[in-house]
Amino acid sequence: MNTGCQLIDKAWESFEDVQVRDRSLIWNSDLIETIELENLLINASVTMHSAEARKESIGAHAREDFTKREDGEMDEAYCIHWGTGKMRR
């Protein structure tokens, strides 16, 4: 999980190098694809870091390093906020 978090963080950092070269205001597919890429990277980062933060196996959220299932007890809920290129819990 830590490796996955490091890889997605590295991918997010590399997004700073992405540039929109097409400056047209009509049907700008370059801009749309850049916005979609940003959205995908944000969601991937939130998903990866949320999975790493969960230190239990509940329902479909199973982790190999936490094999004991605790379906009846939910210890914590996570609320994720994305701001300034970082995720906060």
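Reader: Which exposed residues does the face of H1 turned away from its buried side carry?
Author: This is a predicted model, where local features need pLDDT of at least 70, side-chain atom pairs count only at pLDDT 80 or more, and totals for chains, interfaces and linings use all residues. Residues are numbered from 1 along each chain as its sequence is written, and side-chain values use heavy atoms, without hydrogens and water. Helices (H or I, at least four residues) and strands (E, at least two) are DSSP runs, numbered from the N terminus; exposed means over 50% relative accessible area, buried under 20%, partly exposed in between (1.4 Å probe, protein chains only). The face of H1 turned away from its buried side carries Asn-2, Thr-3, Gln-6, Leu-7, Lys-10 and Glu-13.

Reader: What do the buried residues of H1 pack against?
Author: Buried in H1 are Cys-5, Ile-8 and Trp-12. They lie on the same side of H1 because they cover an arc of only 70° around the axis, taken from the directions from the helix axis to the C-beta atoms. By contact (heavy atoms within 4.5 Å), they pack against helix H2 (29-53) and strand S1 (81-83).

Reader: Is Asp-22 buried, exposed or partly exposed?
Author: Asp-22 sits in the loop between H1 and H2. Its relative accessible area is 30%, so Asp-22 is partly exposed.
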